Each structure stands twice: as structure tokens, then as C-alpha cells.
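Student: I am new to this structure, and I would like to know what stands behind each label. Could we go through them together?

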Amino acid sequence: MLSRTTTPGPAVPSRRTFLGAGAALALGLATPARAQARPQEKSPFGRYGSPSARLTERTLYVHPGGLGDHTTVQAAVTAASGSGFTLVIAPGAYRETVAVSVARTEMTWIGASGDPRDVVVVYDNANGTPKPGGGTYGTTGSATTTVQADGFTARSITFANDFLRADHPEITGTQAVAVKVQGDRSAFVGCRFLGHQDTLYADSIALGTFARQYYRDCYVEGDVDFVFGRATAVFERCHFRTLNRTDLATAPYGFVFAPSTALANPRGHLVTHGRVSSEAPDAYYKLARPWVPGSDTTARPMLTVRDTRLAAGIDAVAPYTDMADTYPWQSQRFAEYRNTGPGAVVSVPENRPQLSPGEAESATREAYLGDWTPWKGC
């Protein structure tokens, strides 16, 4: 987000460590650097067939060692020149940027092992990273994966941006997007989104388009505004984790949500039956701040968090703050309902707007997603 202020401070590594350029993203997990079939499996594609036994004629197989149709995800996406393709992706770390254009509708990506830690799509561009030929990537251009097509579904995949402030003290634009999603009817089930600032960009293709997105049983981590954008997005049973920051001496370390919902859109981001945990000290994170981008100064950001456990890392006294004085959070559409945990304690009622039971009846996945019912296939 180019119009936002980057949190200042010297660059110091987080808990993230790496196995070397092009290797797997460790992050405390044993993600394999190259694909290997599990002992009980006949192929690295598990129960999803193989190039010699395709599930359908529109199923393509990705394997970094050459056992599939393609060795990179982008090559498979490029080959899927039409609607309704499925990519089965073998375990491995795919260090590349990937773009799914608007023409590649109804595409599905499946992590073959069923464990999102095994299939990692990762790169390390940031807002301020120099581009070949001049200029910088900007926030949108920093995305490891960009999805513009309608009807996209991903299962059991990790989307990551492993840009580290510590590695690039010369870069001040540290927004680094793991995935930018713009298409309508975009669903992510059992996926992981890893980054620091601006990890998950839940957006739409245009200001007047209200893209619907559904995230279920997903894990998202970061520090500054790491879930943001103007989409109508439902996060069901998702886990959001705030990272520790040794480069800052005082709170706040960051903000979980930064919606930028268009004024005409009656539904923004909805978090339901999830949890927010933290590596940081108690009360060092804000739950949200509103983003009113320069491209849409009439935006009225909307976030509802309901039936969700908020750990002590969230500032319970003042969970919301402003991104700009011109657009105070009190003038936006922020609300909560039946949240639990130490970060959800209401000690200053005016700082924590609550839905009434009647209002909560319209804060549901069904109301937000309308005639689209992706949860039925989960």
C-alpha cells in the first residue's frame, strides 16, 4: 500500500531462518527443499494421479525435479490457457513469482501431500525492491502470487514472501505481499500465508467490483497490516499470528487487519470462529486500523470480528487506531461480537463497538457470500 506509513526502525531478523537461496522456507518447520515421495505413496502426486494417469484432461502436474508436466508453477499456469484447469503441485519450495490472469477462470491448485507446509510458493520482492530497468515494484508488484481470475481455489499450499528488513536496510518500502487476490469467488482452504508487512492482500480487480473471497482453516502471520484490502472476505476458523519485533522498542509492533472497503460495499472483512495469537509481548498489537487509499478516498473500511479468541498480544484497552488522522477509526465500520480471550476484554466500551444479537444475524458467511457457497465443498 503505497499511501501508508511504513513502521520505522532498524532492520533486525525475526524468528524466520532460511536454508539458503532457493531452498525451503524453514520458519520453524521442516519444509523439504526438494520433492520426495512419501514412503506410502506411489508418486509425489499422492492420490491425485500423475501425468500418465490424469484425473482429467485439464489436470496438470508440477514437480520441481521433472516428474510432472512442468517444473514451475508459473509454467503450468501459462500452459493452462483456458478455464477449469487443475494444478496438482508436488512437495517442494517453488521460488518464483506467479500470476493468474483474468482469462484463467475456475482454476484450482492442490498441494499434493495435503500438508501446506510441504508445498511453498515463495519469493522476496518488496515495495522498495529495485526493478530491472529502473523504478521499484511497489506494493502490488511485490506479490509472490497474484490471482486476478474469478473462481480460483487453492488447497493445502503455503504462499510466502520471505523479504526481511534485516537483509535490506537500504529499502524503506518494506511492504512485501505473499499473495494478492482480486478475483470473485476465490477460495483458500487449509492454506498458509507467511510474511511480515502486507502478507495477504484481499482485494478486487476494480473499485466498483465487490470480489467475494473465502478463507477456511487457514494460517496467516505477519506484523504490519498483514491482512488488508477492499474485498468482501470471510475468514472462517482461521489462525492469525502476530510476530515479535526486536527492532522496535515500544508498542505498537503492528496491526492485524487494514481493510479498505468501498463505501458502496455493504460487506467488508468478516472473521468468524477464529483465533489471534502472538509471539509479541502483551498488548503490543492493535487488532486493526482503517486504510483509506489515495485511489479511493471515499472508502469506509469495514471489519467484523466475531466468536474469535484474541490472545493477550492484542491491546484490549485500545484495539483500534488510525492510519491517518483524516480518517479516524471511529468513523469506519468496525465491530465485534462474542469474542473471548484476554485481548477481547471490554474495559473501555467506547473503544470496542459491539454488534447487537440482531445485527449479528447479518454478520455471517451466508450473508457475506450470497449465492456462492464454497464451504459446502470444504
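Tutor: Here is a set of questions and answers on the terms used for this model.

Student: What should I know before we start?

Tutor: This is a predicted model, where local features need pLDDT of at least 70 and side-chain atom pairs count only at pLDDT 80 or more, while totals for chains, interfaces and linings use all residues. Residues are numbered from 1 along each chain as its sequence is written, and side-chain values use heavy atoms, with hydrogens and water left out.

Student: What helices and strands does the chain have?

Tutor: There are four helices and 25 strands. Both are DSSP runs numbered from the N terminus: helices are H or I with at least four residues, and strands are E with at least two.

Student: What makes S3 and S6 a pair?

Tutor: Two strands pair if DSSP finds at least two bridges between them. Four bridges join S3 to strand S6 (residues 119–123), so by that rule they are a pair. The two run parallel, and Gly92 stands opposite Val119 in S6.

Student: Why are S3 and S24 called edge strands?

Tutor: The open sheet has eight strands in the order S3-S6-S9-S12-S15-S18-S21-S24, with parallel pairing. Strand S3 (92–95) and strand S24 (309–310) each pair on one side only.

Student: How do you know whether Ala149 is buried or exposed?

Tutor: Compare its value with the cut-offs: buried means under 20% relative accessible area, exposed over 50%, and partly exposed in between (1.4 Å probe, protein chains only). Ala149 has a relative accessible area of 1%, so Ala149 is buried. Its place is in the loop between strand S7 (145–147) and strand S8 (153–155). Leaving out residues up to four places away in sequence, Ala149 touches Val100, Ser101, Val102, Arg104, Thr105, Gly183 and Ser186; contact means heavy atoms within 4.5 Å. Ala149 and Val102 are 47 residues apart in sequence, yet their C-alpha atoms are 3.9 Å apart in space.

Student: What makes Asp203 and Arg230 a salt bridge?

Tutor: The rule asks for a side-chain nitrogen of Lys or Arg within 4 Å of a carboxyl oxygen of Asp or Glu. For Asp203 and Arg230 the N to O distance is 3.7 Å, so the pair meets the rule. Both residues are buried. By this rule the count comes to 21 salt bridges.

Student: Why are Asp217 and Arg237 called partly exposed?

Tutor: Asp217 has 35% relative accessibility, so Asp217 counts as partly exposed. Arg237 has a relative accessible area of 41% and is therefore partly exposed too. Their side chains meet in a salt bridge at 2.8 Å, N to O. Both belong to a network of salt bridges that links Arg216, Asp217, Glu236, Arg237, Arg365 and Glu366.

Student: What makes a group of residues a nonpolar core?

Tutor: A nonpolar core is a set of buried Ala, Val, Leu, Ile, Met, Phe, Trp, Tyr and Cys residues joined through side-chain atoms within 4.5 Å. The largest one here has 64 residues, and those touching the most other members are Val73, Trp109, Phe188, Phe193, Tyr215 and Phe240. A second, separate core of 14 residues includes Ala187, Met302, Tyr337 and Tyr368.

Student: How many of the residues count as buried?

Tutor: Of the 378 residues of the chain, 58% count as buried.
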